[in-house]
Amino acid sequence: MKNKFFNELTHLPMPMWAVGAIVVVVLALVACLGFCIYKKCFNKGKKPKKVRERKAGRGRRKKENEGEDGEEKKEGEEKKDEEEKEYFGKLEYTLDYNFTDNQLIVGILQAQDLAAMDIGGTSDPYVKVYMLPDKKKKFETKVQRKNLCPVFNETFTFKIPYTELGGQTLVLQVFDFDRFGKHDVIGEIKIPMNTIDLGQPIHEWKDLIGGEKEEEKLGDICISLRYVPTAGKLTVNIMEAKNLKKMDVGGLSDPFVKVVLQHNGKRLKKKKTSVKQNTLNPYFNESFSFEIPFSQIQKVQVLITVYDYDKLGSNDPIGKCWIGYGASGVGLRHWSDMLANPRRPVAQWHTLQPEEEVDAALKAPIR
């Protein structure tokens with residue numbers, strides 16, 4: 001068999017060296033095919049070390065870049081926050097304590113660079129001064145019209161024993177007066193009394209901090225007005241009140257109403273209702289008559305103040321409203337309806353406002 005194979009091989013139409021070369025090429029191809037199959041089947045999932053290192057390096061560089069971007073973003077946000085900080089202006093004030101008379105004397109001197117609250121780019125500022133937490137005694141400066149750098153030069157006195165002063169906080173609030181709406185807070189300064197030395201007078205400037213005015217619901221009061229032009233008689237009927245602010249420790253109040261009649265800003269007469277004990281929804285139905293000639297009725301103001309009666313101390317005001325000359329909103333509309341319907345009683349509910357706000361509105365010149 002072997003001899004026959006070699007005899008056939010010698011009779012092929014090509015030299016022997018060519019046959020050997022073909023055999024070698026075929027064997028090489030078979031070996032390459034076997035190696036590829038081995039790598040595919042047994043080395044699957046393994047990556048060369050250099051490839052793994054290159055990919056790991058790319059991942060580290062990516063994380064480092066993300067960290068740098070995050071730090072730059074954080075710094076940018078901090079700068080943006082600093083730029084967005086609002087400036088409300090600053091206030092100059094003085095503090096002094098009279099140890100002989102137990103009096104804290106607060107001086108409101110002036111303000112500078114106040115924030116503009118009105119459309120015209122200005123404000124009508126005034127300063128409210130009170131102590132926390134009781135807030136019973138409040139003072140206000142006069143309103144300075146259209147002025148972002150107002151000068152006040154006003155002094156207010158709180159009679160407080162020195163031993164009780166440490167637990168209180170002095171609040172200086174700058175408001176923008178608005179005759180036709182609620183007064184906006186421009187800014188405020190809070191001074192905890194236990195953080196300052198009252199052994200000597202204090203005189204300083206401080207930046208105002210933005211403050212939100214507390215929405216305090218004081219209640220509503222129903223009033224009926226009747227005017228008879230021929231007799232020159234104005235009748236004010238205090239009918240009832242509802243949802244009054246709780247003033248007593250037990251969660252109730254002892255309300256009564258004071259009615260003050262003014263003409264062109266000058267007080268003429270005052271009247272009071274009876275006190276209703278332990279109620280936030282008192283019913284009065286008490287009438288008061290005033291003699292007002294028709295020639296004067298256009299400049300009459302009726303001031304209505306609801307008080308909480310206190311047997312041992314001063315009566316605390318719950319809220320106030322006013323009707324007539326210079327009033328706005330409901331107060332003006334009620335007065336106009338009364339004048340348009342002579343001899344007929346016209347009833348209207350009025351929302352009570354803080355006494356200091358109404359008093360500030362009364363002090364301001366009428367436009």
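## A linked trio of charges

Lys128, Lys138 and Glu356 are joined up in a network of salt bridges. Keep in mind that this is a predicted model. Within that trio, Glu356 and Lys138 form a salt bridge whose closest N and O atoms sit 3.2 Å apart. Glu356 is in helix α6 (residues 355–363) and Lys138 is in strand β4, so this pair ties together parts that are 218 residues apart in sequence.

How accessible are the two ends? Glu356 is buried, with a relative accessible area of 14%, while Lys138 comes out as partly exposed at 28%.

## Other salt bridges

Searching the whole structure turns up five salt bridges. One of them connects Arg145 to Asp124, with 3.6 Å between the closest N and O atoms. This one is a loop-to-loop link: Arg145 belongs to the loop between β4 (138–140) and β5 (151–159), and Asp124 to the loop between β2 (103–112) and β3 (125–132), so parts 21 residues apart in sequence get tied together. Arg145 is partly exposed, at 25% relative accessibility, whereas Asp124 is buried at 4%.

Then there's Lys190 with Glu188, whose side chains meet in a salt bridge at 3.9 Å, N to O. Here Lys190 is partly exposed, with a relative accessible area of 47%, and Glu188 is buried at 13%.

Now for strand β11, residues 255–263. Eight of its nine residues are buried, so β11 is largely enclosed by the rest of the structure.

Which strands does β11 pair with? One is β14 (residues 300–308), in the antiparallel sense over nine bridges; there, Val259 has Ile304 as its bridge partner. Another is β12 (residues 266–272), also antiparallel, over six bridges, with Gln262 partnered by Arg267. β11 and β12 make a hairpin with two residues between them, and Asn264 in that turn has a positive phi of about 55 degrees.

## Val306, on strand β14

Val306 is found in β14, the strand that pairs with β11 over nine bridges. With a relative accessible area of 1%, Val306 falls under the 20% cut-off, so it counts as buried.

What does Val306 touch? Leaving out residues up to four places away in sequence, its contacts are Ile221, Leu244, Pro255, Phe256, Val257, Asp316, Pro317, Ile318, Gly319 and Leu352. As for Leu352, it is 46 residues from Val306 along the chain, and the C-alpha atoms of the two are separated by 8.3 Å.

Note on methods. Residues numbered from 1 in each chain as written. Predicted model: local features only at pLDDT ≥ 70, side-chain atom pairs only at ≥ 80, totals over all residues. Heavy atoms only, no water. Buried < 20%, exposed > 50% of the residue type's maximum accessible area, 1.4 Å probe, protein only. Helix = DSSP H or I, 4+ residues; strand = E, 2+ residues; numbered from the N terminus. Pairing = 2+ DSSP bridges. Contact = heavy atoms within 4.5 Å. Salt bridge = Lys/Arg side-chain N within 4 Å of Asp/Glu carboxyl O.
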